[in-house]
Amino acid sequence: MMNIIERLKKIMPKHVQPITTNRDEYFAVVEKISREASQKTVELNRQNRLKYLIGRSGISPLHQDCRFENYQAYTADQRAALHQAIAFAKNFGSGFGGFVFSGSCGTGKNHLAAAIGHCLINKGKSVLCITVADLMMRFRSTYEKHAEWSEEGLLRELCNVDLLVLDEIGIQHRNSDNTQILINQLVDRRTSHKKPIGMLTNLTGEQISGVLGERVLDRMMMDNGIWVNFNWESYRSKVKCHA
Ligand SMILES: Nc1ncnc2c1ncn2[C@@H]1O[C@H](COP(=O)(O)OP(=O)(O)OP(=O)(O)O)[C@@H](O)[C@H]1O
Ligand SMILES: [Mg+2]
């Protein structure tokens, strides 16, 4: 050990100092570095797994640039929505309360959900934001002849993701009974495993209860789950393509 350090000292520039010359400390540092590196790989794999599972990483290309910093909040309600989203991301991991972003079109529900997602991915968490229609399509494909995933396997994976955001809750689905059962199952399983879930919708609370049943909303509000109303003018006409 000393030999190595002595030999390294000879070839190292003067300003470079070894992290330690103590043997035990040296091994502790090496162990810490390799533990952190392998943790990073595990986390990266978790996000990459989503690519394999869903065909893309957790956040859709349209919302790749959405951040808290580029969310324009002009009114008190918009500022409140922004702050609730920031607080959710900041406190992530301290509980399993989820969020419902409910309101009219183009008001930034996906924008803030994607901003939360980016923030968590940067912290090494896995995030999937998926529309209910895509989710149903993915589940239907588990019944194909040579399907890679079983229904149970897919359900398990979706329950492993650190944050699952279900988008377009309440848009009419081809088989709404199956959709309701699946969303119930996901919410039930995730909350019982203390994993948060986010929902984006144009429906009101009463309408969601009508579509998905009261049990779902009741579970969504567990452990300080938040409900945020997005009821202002659509931002879509202001969106410009920078490409
Ligand atoms: N306050 C805002 N500041 C900056 N960009 C915004 C804001 N609100 C919305 N946008 C942008 O407008 C577009 C539409 O927003 P978004 O997709 O979040 O709407 P939504 O609330 O999910 O609407 P819908 O209910 O129709 O799905 C996105 O490109 C988003 O980045
Ligand atoms: Mg949306």
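This is a predicted model: local features need pLDDT of at least 70, side-chain atom pairs count only at pLDDT 80 or more; totals for chains, interfaces and linings use all residues.
A polar contact is a pair of N or O atoms within 3.5 Å; within protein, one atom must be able to donate a hydrogen and the other to accept it, and residues adjacent in sequence count only if both atoms are side-chain atoms.

View 1. Residues are numbered from 1 along each chain as its sequence is written, ligands are numbered from 1 in the order in which they are written, and side-chain values use heavy atoms, without hydrogens or water. His63 places a polar side-chain atom 3.0 Å from an oxygen atom of ligand 1. At Gln72, a polar backbone atom is 2.8 Å from a nitrogen atom of the ligand. Thr107 brings a backbone N or O atom 3.2 Å from an oxygen atom of ligand 1. Alone, ligand 1 exposes 630 Å², and the protein buries 89% of that (accessible areas by the Shrake-Rupley method, 1.4 Å probe).

**View 2. The shell around ligand 1.** The ligand is surrounded by 16 residues (a heavy atom within 4 Å). Gln72, Gly106, Lys109, Asn110 and His111 are the closest. The shell holds five nonpolar, nine polar and two charged residues.

**View 3. Two domains.** Domain 1 spans 2-41 and domain 2 spans 56-238 (bounds from an automatic or database assignment). Their C-alpha centres lie 44 Å apart.

Notes
Ala, Val, Leu, Ile, Met, Phe, Trp, Tyr, Cys and Pro count as nonpolar, Asp, Glu, Lys and Arg as charged, and the others, Gly among them, as polar.
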